[in-house]
Amino acid sequence: MDRAARHGLVSGHVQGVYYRESTRQEAQRLGVTGWVRNLADGRVECHLEGPAEALARLEAWLWQGPAASRVTGVELEEVACAGFTDFQVRRTDA
């Protein structure tokens with residue numbers, strides 16, 4: 001199965017609401033690999049790899065997020081696959 005990759009940013013009330021861990025759980029459920037982390041400016045950054053259909057489903061989920069989140073924007077761009085084999089929650093790059 002062909003794999004694709006997306007790198008992106010999620011804006012809104014997405015920190016302190018279990019967004020990263022919920023993203024990890026949803027990614028694992030869909031068979032998507034990569035990572036997610038908080039940024040110092042309040043956004044969440046992610047790198048996603050997997051089948052195109054799974055990426056589309058995860059992108060739709062990113063707009064919803066966990067119950068306490070309020071997503072105002074999701075910006076994803078196509079990038080090269082890096083070969084991740086799992087999905088990680090990374091610590092803030094600040």
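This report describes the fold of one protein chain, from its overall dimensions down to a single pair of side chains.

The structure is a predicted model, in which local features need pLDDT of at least 70 and side-chain atom pairs count only at pLDDT 80 or more, while totals for chains, interfaces and linings use all residues. Residues are numbered from 1 along each chain as its sequence is written, and side-chain values use heavy atoms, with hydrogens and water left out.

**Overall form**

The chain contains two helices and five strands. Helices (H or I, at least four residues) and strands (E, at least two) are DSSP runs, numbered from the N terminus. In sequence order the pattern is β-α-β-β-α-β-β. The C-alpha trace spans about 35 × 25 × 20 Å along its principal axes. A compact globule with 94 residues would have a radius of gyration near 12 Å, and the chain agrees, with 12 Å. That radius is taken over C-alpha atoms, and the globule rule is 2.2 Å times the number of residues to the power 0.38.

Of the 94 residues, 46% are buried. Buried means under 20% relative accessible area, exposed over 50%, and partly exposed in between, with a 1.4 Å probe and protein chains only. Among contacts (heavy atoms within 4.5 Å) with a separation of 6 or more, 77% are between residues 24 or more positions apart.

**The sheet**

The five strands form an open sheet with mixed pairing, in the order E4-E1-E3-E2-E5. Its edge strands are E4 (70–79) and E5, each of which pairs on one side only. From one strand to the next, the twist averages 15°. Two strands pair if DSSP finds at least two bridges between them.

| Strands | Sense | Bridges |
|---|---|---|
| E1 (residues 4–13) and E3 | antiparallel | seven bridges |
| E2 and E3 (residues 44–50) | antiparallel | six bridges |
| E2 and E5 (residues 87–89) | parallel | three bridges |

Some partners can be located by residue. Histidine 7 has histidine 47 in E3 as its bridge partner, and valine 36 has valine 89 in E5. Asparagine 38 stands opposite valine 44 in E3. E2 and E3 make a hairpin with five residues between them, and glycine 42 in the turn has a positive phi of about 95°.

Strand E2 (residues 33–38) has six of its six residues buried, so the strand is largely enclosed by the rest of the structure. Thr33, Trp35 and Arg37 point one way from E2, whereas Gly34, Val36 and Asn38 point the other way.

**The helices**

H1 lies across E1, E2, E3, E4 and E5, and runs at about 175° to E5. H2 lies across E1, E3 and E4, and runs at about 155° to E4. Axes are lines fitted to C-alpha atoms, for helices over the stretch in contact, and angles run from 0 to 180 degrees between N-to-C directions.

**An aromatic pair**

Rings of Phe, Tyr and Trp (its six-membered ring) pair if their centres lie within 6.5 Å; planes under 30 degrees apart count as stacked, over 60 as edge-to-face and the rest as tilted. By this rule there is one aromatic pair. Tyrosine 19 and tryptophan 61 form this tilted pair, at 5.8 Å centre to centre with 45° between the planes. The pair links distant parts of the chain, since tyrosine 19 is in helix H1 (residues 19–30) and tryptophan 61 is in helix H2 (residues 52–64), 42 residues apart. Tyrosine 19 is buried, with a relative accessible area of 1%, and tryptophan 61 is buried as well, at 14%.
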